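Visitor: I've got a few questions about this one. Can we go through it together?

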Amino acid sequence: MILAKLNKEQKIAVQQDGHVLLTACPGSGKTRVIIHKLAHELSMMAEGSKKKVMALTFTVRASEEIFRRLNAMGINSDQIWSGTLHSFCLEWIIRPYSCYLPELMNGYTIADETFCADLIDTLKVKHKLKAIDPVNFRFNRDGSFAEPKSIQRELLKEYHAVLKKKKLIDFELLLLYAYRILISLPKIPQTLSNLFKLICVDEYQDTQDLMYAIICQIVKTGKTKTSLFLVGDTDQAIYASLGGVAKNIAEIKSEIGGLPITPLTLTGNYRTCQRVIDFYSHFQTQKIKIEAVGQNAKQKGMITFNNVVHHGGIVEEIARLIRISLDKGIPEGEICVLVPQWWLITSVSKKLRAILPGVNFDASGLAPMARNRDNIWYKLSRLFLTGPNPRIYALRYKWAEELINDFSSQTKANFEEQFQHPKSLLRLINSIKSVETEGMPYLHDCFDQFLVEVKIDYSLHPSLVENRKLFFAHIEKRLSDPVFSIPSDILSFKSFYREMSGVIINTCVGVKGEEFETVIAYGLLNGYIPHWNEIFSGNANEASKKLMYVICSRAKTNLHLISEKGRTTKKGDELAMNPELKDVVFDYDIH
Ligand SMILES: Nc1ncnc2c1ncn2[C@@H]1O[C@H](COP(=O)(O)OP(=O)(O)OP(=O)(O)O)[C@@H](O)[C@H]1O
């Protein structure tokens with residue numbers, strides 16, 4: 001029954017025992033396989049088993065999507081853990097075992113992302129680095145900095161001195177400390193391996209070395225107790241400049257202590273029409289024929305390339321293309337605008353909203369909250385800003401569970417006994433009402449009522465006080481920033497969490513693994529895509545090919561590519577067209 005919606009190759013992958021490396025082209029059903037693999041493994045467990053299965057995803061969006069889909073299949077998600085590797089390390093390694101690591105045993109707080117970003121900006125100014133100068137924050141397995149340049153290393157030392165003084169840990173430290181815990185106390189990977197029957201890793205080609213080390217330490221220790229299921233596509237490896245590496249099968253085998261691993265593949269593309277596939281095959285690094293096998297396989301679709309529009313008119317042009325798709329009856333949520341750099345999301349979203357007032361947009365840049373997803377108050381706010389809804393029940397359940405754990409680890413005290421279960425906590429949150437109509441006072445009011453009910457005096461815990469201050473300070477900053485100009489009412493706050501339904505505005509990294517009827521990508525220029533970092537590191541060609549491949553392969557039938565004119569460097573030199581795109585000879589449709 002669970003396997004009914006899979007083809008033969010997909011069924012084989014789902015039913016394959018032991019460790020698996022599944023590599024396949026875009027649209028071949030890798031995500032579908034992961035979801036069914038999780039469901040299948042659960043169905044094979046003995047009744048009453050306490051074991052769990054896990055999916056590690058590249059983005060929070062992707063992990064939430066897995067929850068939604070399993071929920072829609074009627075699968076009980078109690079025994080499923082899905083999230084990014086960072087959240088896994090926090091929840092399953094750092095939080096329960098920090099007392100064993102000298103660096104953490106005297107307390108720690110997860111650093112607020114925006115606090116770290118501000119600190120880095122200040123240190124860049126101090127060290128006379130430009131805002132765009134890259135700094136590699138990653139650690140090697142032995143704890144040394146991966147950053148090779150000396151000024152950057154000085155900056156890193158100061159940055160870490162500040163974190164240490166404040167007992168903060170950022171994303172990279174989280175990975176390093178998790179790894180240290182695993183290797184210094186073999187009982188811990190053993191315990192995790194006893195608990196997790198399966199670890200699925202989506203987009204494995206973008207995994208960093210330290211991440212492989214963490215995952216494989218658990219698999220290796222458990223020998224055959226935990227199956228590793230790596231899924232990805234080497235042509236979609238777009239994280240090389242941020243340490244992502246697609247290890248080959250021999251390397252992975254060696255990481256898991258020589259245990260056998262079965263290579264599998266999927267063929268056929270269910271997503272995209274053949275013409276679009278043939279177009280993006282220009283960007284493949286390995287020339288493999290991809291065959292469209294979905295219902296739209298024979299459709300002509302629309303592929304346009306505009307290299308004449310001036311950047312001053314870019315938003316009007318994007319709006320025109322959105323209208324063309326809407327006029328064809330394509331739903332808003334099936335249209336995606338890909339921006340070349342994340343910091344452009346806000347301004348483009350705002351302008352598009354102004355030009356197309358009747359159209360809904362789904363863009364993180366329009367949200368009142370900054371992206372400090374690990375802030376405990378952010379986690380509480382998302383429960384108050386989403387209502388009870390069966391479609392996202394599993395997700396809210398998971399959020400409630402996280403909150404119970406977070407409060408308990410930060411306060412060393414538990415919620416009032418009756419609220420220690422996610423179900424009862426959700427019931428409490430759903431019952432709290434506020435008369436406030438403005439977002440900030442509404443959240444303050446809900447938080448205070450909540451704390452009274454669960455009997456936690458947050459003022460006694462400096463990290464909670466500090467994080468609450470930071471959480472609201474960032475909202476205030478965004479509300480008063482003319483660039484954002486976000487409405488401050490409660491509806492605007494709630495719309496941030498509304499289920500994705502409007503035209504998506506995001507970066508290529510932000511929509512990894514997703515698909516849309518129409519993709520509109522602009523800024524396809526040397527310096528944006530590929531980014532200067534790739535160009536300076538001598539990796540421009542490969543990075544650019546892979547980015548173009550990922551961008552184009554998100555589309556089902558319509559692809560609009562734009563290399564606008566008139567964008568310049570600070571020195572005033574005009575940015576050139578993306579070189580890979582320039583080389584393509586194709587019979588484009590008229591735009
Ligand atoms: N056996 C199948 N029958 C019908 N549709 C399928 C089948 N397998 C996958 N699909 C559909 O094909 C589309 C692409 O699937 P999926 O997102 O799982 O691909 P993917 O390999 O993960 O792609 P990417 O590498 O781009 O992330 C989805 O709409 C999915 O529902």
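This is a predicted model: local features need pLDDT of at least 70, side-chain atom pairs count only at pLDDT 80 or more; totals for chains, interfaces and linings use all residues.

Visitor: How far does helix H5 reach from its first C-alpha to its last?
Guide: Helix H5 covers residues 113-126, which makes 14 residues. At 1.5 Å a residue the expected span is 20 Å. The model comes close to that, with a reach of 20 Å.

Visitor: Which domains each give at least three residues to the shell around the ligand?
Guide: The chain is divided into domain 1, domain 2, domain 3 and domain 4. The ligand has 17 residues around it, with Pro26, Gly29, Lys30, Thr31 and Tyr270 the closest. Helix H2 (residues 30-43) supplies the largest share of that shell, three residues. At least three residues come from each of domain 1 (8-91 + 178-266) and domain 3 (274-367 + 501-583).

Visitor: How many nonpolar residues are on the side of domain 1 that touches domain 2?
Guide: The C-alpha centres of these two domains are 27 Å apart, and their contact takes 16 residues from domain 1 and 14 residues from domain 2. On the domain 1 side, helices H4 (85-97), H7 (171-184) and H9 (209-222) each supply at least two residues. By class, that side has three polar, two charged and eleven nonpolar residues.

How values were computed
Residues are numbered from 1 along each chain as its sequence is written. A residue is near a molecule or strand if its C-beta atom, placed from the backbone, lies within 6 Å of it. Helices (H or I, at least four residues) and strands (E, at least two) are DSSP runs, numbered from the N terminus. Domain bounds come from an automatic or database domain assignment. The expected span of a helix is 1.5 Å times one less than its number of residues. Two residues are in contact if their C-beta atoms, placed from the backbone, lie within 7 Å. Ala, Val, Leu, Ile, Met, Phe, Trp, Tyr, Cys and Pro count as nonpolar, Asp, Glu, Lys and Arg as charged, and the others, Gly among them, as polar.
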